[in-house]
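Hi there,

Here is the structure I promised to pass on to you. Have a look at it first, and then read on for my notes.

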Amino acid sequence: MTRRWRWKEPSVLPGFGLTFGFVVFYLSLFVLIPLAALILRPWELGLGGFWDAVTTPRALAALRLSFYAAGVAALINAVMGLVLAWALVRYEFPGKRIIDALVDLPFALPTAVAGIALTAIYAPNGPIGAWFDEIGVRIAYTPTGVLLALIFVGLPFVVRSVQPVLEDVDREIEEAAETLGASAFQRARLVILPAILPALISGVGLAFARAVGEYGSVIFIAGNMPLKSEIAPLLIVIQLEQFNYAGAAAIGLAMLGLSFMVLLALNGLQAILSRRGQA
Amino acid sequence: MFDRRGLLLSAGALAAAGCSPRGGGDAGAASLLNVSYDPTRELYRAYNTLFATHWRDTGQGDATVEQSHGGSGKQARAVIDGLQADVVTLALAADIDAIAERGLLRRGWADSLPDNACPYTSTIVFLVRKGNPKAIRDWPDLVRPGVQVITPNPKTSGGARWNYLAAWGDAIRRPGATEATATAYLTELFKHVPVLDTGARGSTTTFVQRGIGDVLLAWENEAFLAVEELGADKVDIVVPPFSILAEPPVAVVDQNVDRKGTRPVAEAYLRFLYEEPAQVLIAQNYYRPRNQAVAQRFGTRFPQLELATIGDFGGWTEAQAKHFADGGVFDRIYQPSGA
Amino acid sequence: MSAARRSAVRGAAPFVIGVGVLWLALVVLLPLGMVFAEAFRRGLEGFLQAFDEPDAWAAVRLTLLVAAISVPLNALFGLAAAWCISRYEFRGKALLTTLIDLPFSISPVISGLVWVLLFGTAGWFAPLLDALGVRVIFTVTGLVLATILVTLPFVARELIPLMQQQGADEELAALTLGAGPWAIFSKVTLPNVRWALLYGVLLCNARAMGEFGAVSVVSGHIRGLTNTLPLHVEILYNEYDFVGAFATATVLAGLALVTLLIKSLLEWRFADELAATRRH
């Protein structure tokens, strides 16, 4: 209890000063200073102006769509990403390595190309869109299209977060649980889920954050109708077209603030879960 | 030329601090950057060759012109933010005015060349499905039940602003029309729009490739190009009885040419647009030439129709403020119901 | 009873694999197939025509150049950040970790815009840049800055969890045996993390080459000069040259697939070694 407050625990390993200094310098240069510009710019409008810029009915509708669609996409990715990770970790099947490599494709394919390709497929005259059109369901040019594009960009985050942890879950504990008569469902709920939940939450958080800001793939498939299928990043672009940098930065700042809060909440949840896991 | 570009690129990389992305400046070989809007790609590709020949034939040396294309407003913003354009050739005067407001070129730019510095014009026409199955001939047909209209977003596309103003011009000239009836017509029109792309080319793709909508509102030159490039078997052009005289202006960016010492060639580049060979090229690319003799040579390509002008709207400054600025008529069209 | 249950679990395998693969096919494989189908719609000749243009090669070179500058920097940053975060206990570590993740949650449009706000004509540093006669926006430098910001977390995110899990035992042992800092790093740390490092670099590189939104804001879109491959794709698409646009896009997709397959093959080839590392 008499321990002095210390900023850093002592360590015999060399290199803290060098690496810490470099990391802080690099982050300042490429993240903090640019973000400072984003944070300070909208206040030219004054607090009232900032508030007005982000609370017009269109801005609110766009923010709602962006966050809602990103949330739903992240949840769908949570389920399907988990299934995919499970298949890749637990089973052997032909073409597994190719499937594994394909998971990263959304990181690599330019978002605009992905958007064009998705639109071509899911438009009413596209190979799959036509099929849906016959049963009266529209995918491209509706919020469903937005959702589809966001699922695409977020998919790798969930799979790649869960996969390594799933590989590490001790098969022996599972087998022990099975010997003790635990059903498959019980094993999943009591053994596997607690182990992978922190990683799953972290992956879902990243997928969500990435999807909120996505622009390139969404504008092709969204239809971009104000109040209906217009996403928040498009509003930023629209503000820029009118030479209104402060207005654009205001919407950007609001988006960043909101998604930061969501990430923080998820991080908190993750911390609680991993503490409970250790106890 | 290919090698020169490569060298320039690597040189720029070595300097890392990144000087000008282009060479330019040295005597004998002039290099210009023309910052333009989307639909002029084909026109300026051809014109740059024509101008280079003209420049060499008149003993002035080599002239290469680099092109940058994008949405008109976005391109104006790039110039404002420091893109080193020697000349701008944009979709509407309001975008060049915005550059002038920041002091990069003088406010009276429109007087420095003939015809308000617009060497070519165009108009807004309808592109419909082959055989015009919905019998769309005039503006009121667009708001008939079951008709879907494709146009880009006026907030992000210069062409879409001409579309919008043409529609307004038609609505306001009808007998007994008032501002209220015109606004009502526009509100109804945009209810028939299922997809708002950010640019003219995006809208054309949506209409032709994705098969969305019954009619596309388009630049006349874009409509011709769409027929030529994407299939005469798919779409027809319908010229409405009334439309708008779309005037895409050109200007020298004073601050940039003075710093780079490219003023003479930049000015010559724009002036030569009014000469007969250039005007022929303009007509070949489906823009309406200013030179009437050239226009007549192309006869039926450019049908005569009644045209509103931007002057009828009090000029771009007024039209912009009234219709397209935040809280303007266009924004009010997209108010949530009940508000 | 138990045997019956076990077979039920085994019976689930085709179902889980089926659902997972079908999902991937719908969301990822189909768009990829579309890209290739469109690219070869006019046969091999039409496909190759897209590369007949000097502007396409200029875009390839610029893309490689931008990646060659930004990826090594981010790899270096990732190594430093992972070392710093996994080997020491200090206050504010959580904040530092969150800051590293932050670029994932910045909209690409914003990742480009911030550089304009800093270095544009009306930006904070405009007077300084004017005095120096240096331009950042609409040059290679601007493209590099935007790319670094977008791809900053990739390597760090791969390395941090692995190095945290591995712990510092081996480095401490080496230190006790009298190894210097460079020897510890190159003989102990680097071999232990090389697969994760490689994977992080591959992802970072793929994303750097494919980035569209952010570079679109800071590029002047000058044909053959400041167009990266994704921007060149956009130009071709806007010129109604769909075959050319998709053919160019296959280069990016192909590049990504090849690097990722190489990674899978390496992992498979060195599977034993990998398993050994993981058991630490």
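Predicted model: local features only at pLDDT ≥ 70, side-chain atom pairs only at ≥ 80, totals over all residues.

Chain B holds an open sheet of four strands, in the order E2-E1-E3-E9, and its pairing is mixed. On the two edges sit E2 (62-70) and E9 (250-252) of chain B, each with pairing on one side only. Leaving direction aside, neighbouring strands of this sheet are turned by 20° against each other on average.

E1 of chain B, residues 29-37, runs parallel to E2(B), and nine bridges join the pair. If you want one spot to look at there, Val35(B) has Ser68(B), in E2(B), as its bridge partner.

Two helices that pack on this sheet are worth a look. Helix H2 of chain B (residues 41-57) touches E1 and E2 of chain B, and its direction makes about 165° with that of E2(B). Helix H11 of chain B (residues 263-271) touches E1, E2, E3 (87-89) and E9 of chain B; here the angle, about 165°, is with the direction of E9(B).

**Chain C against chain A**

Between these chains, 72 residues of chain C are in contact with 76 residues of chain A. Several helices of chain C give two or more residues to its side of the contact, among them H3 (54-87), H10 (181-210) and H13 (242-269). Which element gives the most to the side of chain C that touches chain A? That is H1(C), with 19 residues. By class, this side of chain C has 59 nonpolar, six polar and seven charged residues.

**Chain A against chain B, and helix H12**

The contact between chains A and B takes 19 residues from chain A and 20 from chain B. On the chain A side, the elements that give two or more residues are H3 (57-90) and H12 of chain A. H12(A) gives the most, with four residues. The chain A side divides into twelve nonpolar, five polar and two charged residues.

After H12(A) comes Phe243(A), with a positive phi near 60°.

Happy to talk any of this through once you have had a look.

Best wishes

How values were computed
Residues numbered from 1 in each chain as written. Chains lettered and ligands numbered in written order. Pairing = 2+ DSSP bridges. Axes fitted to C-alpha atoms, helices over the stretch in contact; angles between N-to-C directions. Contact = placed C-beta atoms within 7 Å. Nonpolar A, V, L, I, M, F, W, Y, C, P; charged D, E, K, R; others polar.
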